[in-house]
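Hi everyone, thanks for coming. Today I'd like to walk you through the disulfides in a structure that may be new to you. Let me put it on the screen.

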Amino acid sequence: MKPDWDSLASTFEDSKKVLIADVDCTTGGKPLCEKYGVRGYPTIKYFNPPDEEGEDYKGGRSLDELKKFAENELGPGCSVDLMDNCSEEQKGKLKEYIDMAPEKRTEMLETLKKELADAESTHEALLKELQATYKESMDKLEKLKEESAPKIKLLKAATPAPKAEGAKDEV
């Protein structure tokens with residue numbers, strides 16, 4: 001993926017709206033990776049102003065897919081400061097939120113963030129449970145294979161080979 005990522009960065013190096021960068025989470029970039037919850041590598045995060053928290057990229061990893069995403073999805077998005085970037089539908093929803101009391105907006109945002117964090121936590125717990133169940137099942141399977149292998153070998157050895165048609169027993 002690294003060559004495609006570098007090619008993507010080269011494509012957008014002169015862009016005034018899009019920055020393609022990489023961070024090494026094993027060295028000096030570790031605090032940044034911890035701040036944004038990067039736990040696996042490679043992880044792709046993207047940030048569209050005014051978003052400061054970033055989102056996980058879940059699309060394809062080929063150069064063409066990354067390029068298409070960058071061209072169509074990255075750059076300054078719809079916000080109160082950039083209304084020209086908003087669709088009519090976004091403007092309507094944004095107006096609803098703008099008219100809302102700031103405390104209510106903050107409360108809604110925090111509630112949604114908590115719901116997402118709780119769902120992610122539940123998902124992670126389920127994943128750990130599934131991994132433990134899988135490991136237990138694999139251990140049982142391996143034990144059964146180990147225990148049954150000698151019996152299978154002897155059972156096969158105790159079964160006479162079928163005689164070819166027309167063959168006669170000679171003594």
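Before we start, one term: a residue counts as buried when its relative accessible area is under 20%, and as partly exposed when the value lies between that and 50%. Please also keep in mind that what you see is a predicted model.

So, how many disulfides does a search of the whole structure find? The search turns up two. As a reminder, a disulfide is a covalent bond between the sulfur atoms of two cysteines.

Let's begin with Cys-25 and Cys-33. These two form a disulfide, with 1.8 Å between their sulfur atoms. Is it left-handed or right-handed? The torsion about the S-S bond is about -75°, so this disulfide is left-handed. Now for the surroundings. Cys-33 has a relative accessible area of 6%, and because that is under 20%, Cys-33 is buried.

Next, please find Cys-78 and Cys-86. They make a disulfide as well, and here the sulfur atoms are 2.0 Å apart. The angle about the S-S bond is 95°, and this link is right-handed. What about accessibility? Cys-86 is buried, at 8% relative accessibility, whereas Cys-78 is partly exposed, with a relative accessible area of 24%.

Finally, which pattern do the disulfides follow along the protein chain? Counting the bonded cysteines along the chain, the pattern is 1-2, 3-4.

How values were computed:
Residues are numbered from 1 along each chain as its sequence is written. This is a predicted model: local features need pLDDT of at least 70, side-chain atom pairs count only at pLDDT 80 or more; totals for chains, interfaces and linings use all residues. Side-chain values use heavy atoms; hydrogens and water are left out. A disulfide is a pair of cysteine sulfur atoms within 2.5 Å. Buried means under 20% relative accessible area, exposed over 50%, partly exposed in between (1.4 Å probe, protein chains only).
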